[in-house]
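Good morning, colleagues. I would like to take you through the packing and the pockets of one model, beginning with the pockets.

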Amino acid sequence: MGVAVFDAGGDGWPDLLVANDTEPNLLFHNNRHGGFTEVGVETGGAYSAMGAPRSGMGVDTGDDENDGREALLIGNLDGESLALYRPDAGAVGYKDEVGTGHFHDAAGEAGLGAVSLPYSTFGAVFCDYDLDGWKDILTANGHVDENIELTGAGTTFAEPLLLFHNERNGQYREVGRAAGPPFSTRRVYRGIAVGDYDGDGDPDFLVSACNGAPALLRNDGTPGARRHWLWVKPVGVKSNRDGIGTRITVVARELRQTGWVRSGSSYCSAGDLKALFGLGAATEAESVELAWPSGQVDRLRHVAADQVLRVTEGQGRLAPRR
């Protein structure tokens, strides 16, 4: 139902996370020689904390604690809650060819479990909607049974969007009701695409829905806050032209963020082929590093905020400011 490409082991080779419906999730570790080894069970991301498969749908990954390690986000059916698989404490990633890194489902302890339990989540994305430098979560929800309300259990066919703010301490807080009228509208939502359609720097969201037009959520920013941003657009030379598969690291005011340029994630969705970094109060990034699929690494210093930064592979150099 959903696939995300990311470097689970931090070894520079892309791995594959597959969310499955009523079957164990799969994690394919890249063996670097044209093949993969499936390590979902060994690494802890195949089942729920109770050891059962769930109805995996939308999927995304992101460094939501800004520690350089990717967490895995998977949407599930009502009664199963969101899954947030975080690396175990001290785990860096894979330690050998069969994968001995390990994840655990931290949705409950992170404040996502109980809130998401009544909803069926298809689209799920990490995105720093308020540009404070910490990745938040948006989910698109809607049940699969149009007669589910007849059960009397309180579950509805049409459901609201949920917006989880990253509290920077490993916790999330659902803030949808305070985020505007779209979050009070119940629909049968499905996919989410992320991009800056109005060109003002903050991310906007296009959410598809069954039997109707999509919802375009224009981000009007955080009231009373002037926060800075950086979109990074890689242009491949030896790597593919769009720079898909490029991992980007941005350091601003001692906050170190990582992000990806990917062809798709969430559920049946593909967003902008640029990576967004919220910089908060910082007016520049001290450093920007791009690790390309080809193995090329470009490093830039003292990059001004509030711009779309185009970096051509092998030419990513800016002179330090005097």
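**Pockets and cores**

The second largest pocket has a volume of about 320 Å³. Please bear in mind throughout that this is a predicted model. By class, the lining comprises 10 nonpolar, 5 polar and 4 charged residues.

I turn now to the largest pocket, with a volume of about 530 Å³. Its lining is formed by 23 residues, and those nearest the centre are Tyr129, Leu163, Ala179, Asn219 and Gly221. Strand E11 (162-166) and strand E15 each contribute at least two residues to this lining. Here the classes are 13 nonpolar, 5 polar and 5 charged.

Which residues have the most contacts inside the largest nonpolar core? They are Leu138, Leu161, Tyr189, Ile192, Phe205, Val207 and Leu217, in a core of 21 residues. At least two residues of this core come from each of the strands E9 (121-127), E10 (136-141), E13 (189-195), E14 (204-209), E15 (215-217) and E16 (228-235). Leu217 itself, leaving aside residues up to four places away in sequence, touches Leu161, Pro182, Phe183, Asp204, Phe205 and Val207.

Thank you for your attention.

Definitions and conventions:
Residues numbered from 1 in each chain as written. Predicted model: local features only at pLDDT ≥ 70, side-chain atom pairs only at ≥ 80, totals over all residues. Heavy atoms only, no water. Core = buried A, V, L, I, M, F, W, Y, C linked by side-chain atoms within 4.5 Å. Buried < 20%, exposed > 50% of the residue type's maximum accessible area, 1.4 Å probe, protein only. Helix = DSSP H or I, 4+ residues; strand = E, 2+ residues; numbered from the N terminus. Contact = heavy atoms within 4.5 Å. 1 Å grid on protein atoms, 1.4 Å probe; cavity = no way out; pocket = protein on both sides within 12 Å on 5 of 7 lines; lining within 4 Å. Points joined across faces, edges and corners; volume = space filled by probe spheres on them. Nonpolar A, V, L, I, M, F, W, Y, C, P; charged D, E, K, R; others polar.
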